[in-house]
Amino acid sequence: MTANTSVESLGVYLPEREVSTTEVVRGCRRRMLLPLERLTGIRSRRMAGETEFSMDLARNAVTRCLAASRYAAADIDLIIAANISKQDSALNYNVEPTTAVVLRRQFGLHHALAFDLSNACAGVFTAIMVVDELIRRGDVRRALVVSGEYITHLTATAQRELDGLHDERLACLTLGDAGVCLLLEQGDGFDFIDIYTVPEHAELCMAHSAESHGAIMFTDSVTLARAGIAEVVSQYTEVAAAGRVTTDPRYFIPHQTSSNSIKEATRATNRRLGRRVCRSDNTVDNLRHRGNTATTSHWVAIGDLIDASAVEPGDRVLFSITASGITVGLAQYRVEEFAARKNNGAPVAAPAAPPECPDSGARGYYCAVPPEERVRIGSAATCTPGSDAERGNVKLAAAAIRRALDAGAEPDARPGLLVYSGVYREAFISEPALATIVAKELGIKGSRIEQDRRRFLAFDVMNGPPGVLMACQVAGRMLLSRDGVAVVATSEFNETPVDGQPPLGLTSAGSALVLERSPNRAGFRSFLVDTHPEYLDWYRSYAYTDESGPPRLRVDQDERWSERLPEALAASVAELLRRERLSIDDFAVIFPPQLGPQFAAPPGAGAGGARGGGVGAGGAPVD
C-alpha cells in the first residue's frame, strides 16, 4: 500500500555491556560443543545492565528521539509501544499499566493516545502502518513508535534448560538488547509498506513463561526461515514487477536473525528475479556485534549506517520484514533529513520532569470520525467455557468470532483484519501475537504464494480494558484501506491464581465484534480517552517469577482506586458530551464498565466506556 509517513527523528539506545557468543555458550549449564558464532554470524551482542529493563531501554530511546526532534511533548498525538518484552524488573513481567501509558506520563505526553501493540518482531513496522493510517485519516498529526527489547533474560533461561544442539530453545542464545524510538509525521519518506499474516505457521516460534521460572522461546528455526523467505521473495517479486518498489535500492535490510538466513534469502531473491539484485554491497548484515534485537533490529541497523556516514539523503532503503506468526512484509523508505538528526551517541539523561497536567480537563485524546468514513458494528458475540473445547484464551476468542461472523448479515464474510485486545493470557504468551494463534484456530489462510489469497493481517492492541475501544478505532480506520471485514476480539481465561487467591473476580469469556463499512453513516462517530496520570501508580498487575516455580499473577491496588474510578468516568463522559454537543438523553443505550454496582449508572454515562491502569476512562459514541 502507498504510505505517506516520514521519520522526523530517530533515537537508538544500546546498553553498554557487550557479551561475546563464546561467553554465552560457556554459560550453558550443560557443556555445549556448539559453533554458534559460525552458524549465526554473531560474535557479540549488547546486554542490559543489572538495573536496566524493557522500560529503561524504551525510555532512553524516547529521550534521544525527542532530543533530536524539532517537536515538544505537547506536539505528540499518539505513542505506541511495540516491544515484545515487558520485563520491567528482575522478577516482574508487566501487564498493566502498559508501556506506552507509563511513557506518556514520564514524558508529559498528556494529549496523546497511548497503547501497546504486539506483533512479534514485526511490531514496530505494524505500528508504523497503524500510524500511517491514522495520519492519513487525520486522527493524529505526529506519533512516537517506541520499543525497548530486554530479551536476553530468555538467554539466561535457555542457558539453564538447553538439552542439546537440536533443542528448539537454541535461538534464545542469539538475542541482544536494544531500544529504538521513531517520531513519525506526514511526509514522503515511506513510498510503500505492506505487512500480512500467514497464520498457518503461527506456532513455529512461541515465547511464554518457562516451566520453572522466567520466560523461554521455542523456535523451529529452519522451518520458520524457509517459510518466511518463500513469502517475502514472492511478495517482492510481485510488487517489484508492478513497479511499486525498486529493484535497485541503496540498501536491503532484512530482519537480523542469522547471517545464514540472510544469505539464503539473498540467493532466493536473486534466483527468482534472474539477476543479482541483492549483493554484498547493498545487503545489510548487522548481526556481528548486535545479535537479534527483535522489533528493533531494522532501526538499529539504520542507526549504525548513519553513524558510519553510509546513508545520504535520497537513498532508498528496502526493509524486508519477517516475524513469528508468521508475519511478513516489505517497506520502502527514502532517507530524508532525519538522518542528520538521529541521536545515537549523546549522553542519556533521565527525562525532565513532565509538564503539569492542565486543569481544564483537556488532558486527553479526542478525534471525530467524518460521517463518510464511519465503520459500524455488524455483529457481536460472546462465549463462555461450555466444555474443554472452549477453554483458554485462544479457544474462547475463536468461538466468539465464529458466532459473530455467523450472526452477521453476510455469514461468509472473510476477515481481512483481526485485532486481539485481551489483558490476561494463559502462560503469559508474548510471541507471536495472540491474534495470529486465534487466526490459525479459525483456519484462516494467509500465504501470498497462493495467488487467490487476499491480504490478511493480525496483531494485538493492549491497554487494559480500554484497549477494546482503541482496537475498534485502529481496526475501523485500517478497514477503510482493506478487503473484507475487521474483527476485534478479546478473551480472559480466569484460571491464573493471584498469589494463591481467586483471580481478580473475572469471568472466563471471549467476545468478538465484527466491524464493517457503514452504508448509511451510522457507526462510531468519535473516540475520546481522558488521562489521569495522577492515578497511574494506584493499580498494577504483573507476572511475578522466582525460583519457586512458574510465573504467577500479582495485583497491587491502592484502596482509593475503586472509589475514584466513578469520579474519573463521570469527568470523562462530561468531556465527551461537551465535545459532541450532546446530552445524556440523546443516547438510547449506555454501556458503563462492567466492574461493579457503582458503575451501573454513572452520571452522564457515554455510549461506551472503559477504564484501565493509568487511564481514567474512554468513550465512543455510536450512531
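Tutor: Happy to! A strand here is a DSSP run of E at least two residues long, and strands are numbered from the N terminus. Please keep in mind that this is a predicted model.

Let's start with the empty space. Rolling a probe the size of a water molecule over the atoms shows where such space is left. Across the whole structure, the search turns up seven cavities of 30 Å³ or more. The largest cavity holds about 230 Å³ of space. Its lining is made of 19 residues, and those nearest its centre are Tyr93, Asn94, Val423, Arg425 and Met462. Two strands, β5 (92-96) and β6 (113-118), each supply at least two residues of that lining. Of the contributors, β5 gives the most, with three residues.

Now to the cysteines. The structure holds zero disulfides. Cysteine 121, for one, is in no disulfide, and the nearest cysteine sulfur, that of cysteine 205, is 7.2 Å away. Cysteine 121 counts as buried because its relative accessibility is 10%, and buried means under 20%. Cysteine 367 also counts as buried, because its relative accessibility is 5%.

The aromatic side chains come next. A pair of aromatic rings is described by the distance of the centres and the angle of the planes. Nine aromatic pairs are found in the whole structure. One of them joins phenylalanine 190 and tyrosine 333 edge-to-face, at 4.6 Å centre to centre with 75 degrees between the planes. This pair links distant parts of the chain: phenylalanine 190 belongs to strand β9 (residues 190-197) and tyrosine 333 to strand β14 (residues 327-334), 143 residues apart. Both phenylalanine 190 and tyrosine 333 are buried. Another pair, tyrosine 535 with tryptophan 538, is tilted, with centres 4.7 Å apart and 35 degrees between the planes. Tyrosine 535 counts as buried because its relative accessibility is 12%, and tryptophan 538 does so because its value is 10%. Phe125, Trp299 and Phe319 form one aromatic cluster.

Two arginines complete the tour. Arginine 540 lies over the face of tyrosine 542, 4.1 Å from the ring centre. Arginine 554 lies over the face of tyrosine 544, at 5.2 Å from the ring centre.

Key: Residues numbered from 1 in each chain as written. Predicted model: local features only at pLDDT ≥ 70, side-chain atom pairs only at ≥ 80, totals over all residues. Heavy atoms only, no water. 1 Å grid on protein atoms, 1.4 Å probe; cavity = no way out; pocket = protein on both sides within 12 Å on 5 of 7 lines; lining within 4 Å. Points joined across faces, edges and corners; volume = space filled by probe spheres on them. Helix = DSSP H or I, 4+ residues; strand = E, 2+ residues; numbered from the N terminus. Disulfide = S-S within 2.5 Å. Buried < 20%, exposed > 50% of the residue type's maximum accessible area, 1.4 Å probe, protein only. Phe/Tyr/Trp six-rings, centres within 6.5 Å; stacked < 30°, edge-to-face > 60°. Lys NZ or Arg CZ within 6 Å of the ring centre and 35° of its normal.
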